[in-house]
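Student: Could you take me through the ligand site in this one, and then step back to the rest of the fold? I'd like a close look, with the cut-offs spelled out.

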Amino acid sequence: MKIAFIGLGNMGGGMAANLVKAGHNVLAFDLDEEARQKADDAGCTTFSEPEWAVEDAEAVVTMLPNGGIVKSVYEGSVIGKAPAGAVLLDCSTIDVATAKEVIATAEAAGCDMVDAPVSGGIAAANGGTLTFMVGGTEKAFARAEEVLQAMGKAVIHAGDAGAGQTAKICNNMLLAISMIGTAEAMKMAEKLGLDPQKFYEISSQSSGYCWSLNAYTPMPGVGVESPADNDYKGGFATALMLKDLRLAMDAAKDVDATTVLGAKAAEIYEELAKEHGGLDFSSVIKTL
Ligand code: NAD
């Protein structure tokens with residue numbers, strides 16, 4: 001397939017390379033010249049204008065920083081510029097309202113489009129093991145699935161337009177809350193004189209079992225190998241967790257959802273990001 005790819009950063013670079021590996025003809029654009037060069041090295045054909053990348057494409061994938069940029073790229077360079085039958089896939093993490101608005105604009109112009117944000121970080125993007133949560137019509141999902149399979153290990157149809165973004169921000173709000181809870185429990189056990197490794201052994205096999213404890217233990221030298229064992233470098237940056245929590249809080253306000261712990265988690269990550277935005281989000285344990 002001829003697939004245009006816009007946004008070749010930390011995530012998009014690896015995703016575009018995996019489309020090449022799957023045998024697709026990838027027509028790539030990024031504002032950043034270095035990102036374009038890397039894509040070129042990975043076997044993409046690069047363009048210096050987004051319109052040139054999309055003009056012949058059967059599918060267009062975007063992986064961009066935020067909703068404002070997604071809206072301007074689609075309205076300025078994709079919708080009406082890509083061929084009428086192309087399927088459009090936005091994999092960025094953005095607000096639910098903008099995702100729905102851009103999809104409605106695309107549909108009005110006769111295109112199928114999905115929101116398809118991802119779970120999994122840069123390693124999963126490079127390794128082709130992302131999980132995609134997809135919002136859109138059955139027809140748009142069926143068309144997008146083939147493209148997404150080449151970049152991920154799971155592709156799940158979440159529901160109508162915007163449902164992918166909804167799943168993503170609710171999941172990450174839960175993750176933020178559970179990481180803070182895990183960190184608090186581990187530190188408190190330690191202060192009460194319990195060996196943290198013993199606490200891990202017990203709680204990871206008891207009702208405290210959760211991904212933050214079992215698969216991403218936030219205390220160095222305890223439990224499984226995780227960013228904690230690498231001075232909290234790599235992993236999922238605090239700044240990105242904060243971005244997702246802000247999106248979650250905006251969405252909660254829109255629908256009057258009660259998110260007492262989500263709001264507290266957002267507050268805690270706002271503080272952490274002021275000094276340590278680049279560290280993995282499990283570094284929240286250092287503040288306790
Ligand atoms: P990044 O900043 O590394 O990449 C974004 C790329 O978009 C950059 O190369 C930038 O030059 C390019 N860009 C910006 N404006 C553009 C425009 N108008 N036209 C073309 N290119 C433009 O960010 P990233 O880490 O790759 O994240 C991308 C998206 O993936 C974000 O929405 C993020 O929330 C989401 N995400 C990231 C991770 C992660 O671990 N990094 C995990 C899950 C989801």
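Tutor: The shell around the ligand holds 25 residues, with Gly-9, Asn-10, Met-11, Thr-93 and Gly-121 the closest; a residue is near a molecule if its C-beta atom, placed from the backbone, lies within 6 Å of it. Keep in mind that this is a predicted model, where local features need pLDDT of at least 70, side-chain atom pairs count only at pLDDT 80 or more, and totals for chains, interfaces and linings use all residues. Residues are numbered from 1 along each chain as its sequence is written.

Helix H4 (67-78) and helix H11 (238-255) are the elements that give two or more residues to that shell. Helices here are DSSP runs of H or I with at least four residues, strands are runs of E with at least two, and both are numbered from the N terminus. Sorted by class, the shell has 15 nonpolar, 7 polar and 3 charged residues; Ala, Val, Leu, Ile, Met, Phe, Trp, Tyr, Cys and Pro count as nonpolar, Asp, Glu, Lys and Arg as charged, and the others, Gly among them, as polar.

So where does the ligand sit? It lies between domain 1 (2-160) and domain 2 (166-287), because both give residues to its shell; the bounds come from an automatic or database domain assignment. UniProt, in an unreviewed entry, lists residues 2-159 as "domain: 6-phosphogluconate dehydrogenase NADP-binding". UniProt positions follow the numbering used here, feature names are shortened, and annotations may be inferred rather than shown by experiment. That span, 2-159, is 42% helix and 25% strand, and its end C-alpha atoms are 27 Å apart.

Now the loop between helix H10 (211-214) and H11, where Asp-231 is found. Asp-231 isn't a glycine, yet its phi is positive, about 55 degrees. Tyr-232 lies in that loop between H10 and H11 too, and its phi is also positive, near 65 degrees. Asp-231 is exposed, with 11 other C-beta atoms within 10 Å, whereas Tyr-232 counts as buried, with 23 such neighbours inside 10 Å. The cut-offs, for C-beta atoms placed from the backbone, are 20 or more others within 10 Å for buried, 12 or fewer for exposed, and partly exposed in between.

Stepping back, the protein has 12 helices and 9 strands, and buried residues make up 50% of its 288 residues. Its C-alpha atoms fill a box of roughly 65 × 45 × 35 Å along the principal axes.
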